[in-house]
Amino acid sequence: MKLVFAGTPEVAVPALDALIASERHEVAAVVTRPDAPAGRGRRLVASPVAERAEEAGIEVLKPAKPRDPGFLERLREIAPDCCPVVAYGALLPRVALDVPARGWVNLHFSLLPAWRGAAPVQHALMAGDELTGASTFLIEEGLDSGPVYGTVTETVRPTDTSGDLLTRLAFAGSGLLAATMDGIEDGSLKAVPQPAEGVTLAPKITVEDARVDWTAPALRVDRVVRGCTPAPGAWTTFRGERLKLVQAVPLRERTDLAPGQLAAGKNNVYVGTGSYAVELLWVQAQGKKPMRAADWARGARITEGAQLGD
């Protein structure tokens, strides 16, 4: 099939690579979000998908919105058979969905109908899911509600961050998306409607969602830290300034600390929760680089009775 691939962040690159490598399909063009300001100089930078496509000599389309007339005209000129999508980052209007004969097929990082929305991996971790995966489905105008072509599963490991899990799913999902394109092309795959039960939503994680509640149990604190790493980053406050929590582990044997209460030793930093303590391993103070929690505590001169959070 002739394909137009839509995607933007680094997590979409493995799927693009898999389709470029396919001997059965041609990636005729790539659709991605416009260049965005990045770094201290805030200069405009192309998306990872755009950079990879340019390296491969593939035409790159960067519409401000996918309903832009110029983009739709070019899409019709290319006349793709199918448009695979991975984390493109913009809603596709009906006028765009109608262009490819075989539709737009999304690789979504959950086992649909679970965790429909922008942040499925973060929500799966924060909810304590032990199994997740990726799904390919035919895009409709509803939110991730279209019929499913296929799935792969992935076990959630006890220390997984959302970054760890998303990386594994990106590579497992790339094979699923390539196989889905094969099955659509030869007619061996039929999309199956999603069940009405089991629907959960995964909206974008806000900064407030990433704020740690120290009265919550240690397992909940652990899930929030892992689910919000690397972005947007779990955080709390210390002496009126924000402190990002990069890595923390539950410590069942320590139950003597009140919620938010700090205890710092020579090489360890502990904080109380609503159940037992967690040990802080890495933190990032406001305006600083990530550092070992023990080094931060020495610099902050933690005293008895010091507290995290309001």
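The legends below describe close-up views of a predicted model.

View A. Glu279 lies in strand β14, which spans residues 277-285. The residue is buried and has no salt bridge. The side chain of Glu279 does make a polar contact of 2.8 Å with the side chain of Asn268. Beyond neighbours within four places in sequence, Glu279 is in contact with Gln247, Ala248, Val249 and Leu251, and also with Asn268, Val269 and Tyr270.

**View B. Helix α8 and its cover.** Helix α8 comprises residues 293-300, and its buried residues are Ala293, Ala294, Trp296, Ala297 and Ala300. These residues lie on the same side of α8 because they cover an arc of only 160 degrees around the axis. An α-helix has 3.6 residues a turn, so residues three or four places apart point the same way. The cover over the buried residues of α8 includes strands β10 (235-238), β11 (241-251), β12 (262-264), β13 (269-271), β14 and β15 (291-292). Just after α8, Arg301 has a positive phi of about 55 degrees.

**View C. Ala196 in the loop between α6 and α7.** Ala196 belongs to the loop that runs between α6 (162-186) and α7 (218-227). Ala196 counts as exposed because its relative accessibility is 71%, and exposed means over 50%. Ala196 and Pro113 are 83 residues apart in sequence, while their C-alpha atoms are 8.0 Å apart in space.

Notes:
Residues numbered from 1 in each chain as written. Predicted model: local features only at pLDDT ≥ 70, side-chain atom pairs only at ≥ 80, totals over all residues. Heavy atoms only, no water. Helix = DSSP H or I, 4+ residues; strand = E, 2+ residues; numbered from the N terminus. Buried < 20%, exposed > 50% of the residue type's maximum accessible area, 1.4 Å probe, protein only. Lys, Arg positive; Asp, Glu negative; His and termini not counted. Salt bridge = Lys/Arg side-chain N within 4 Å of Asp/Glu carboxyl O. Polar contact = N/O pair within 3.5 Å; in protein donor to acceptor, adjacent residues only side chain to side chain. Contact = heavy atoms within 4.5 Å. Arc of directions from axis to C-beta.
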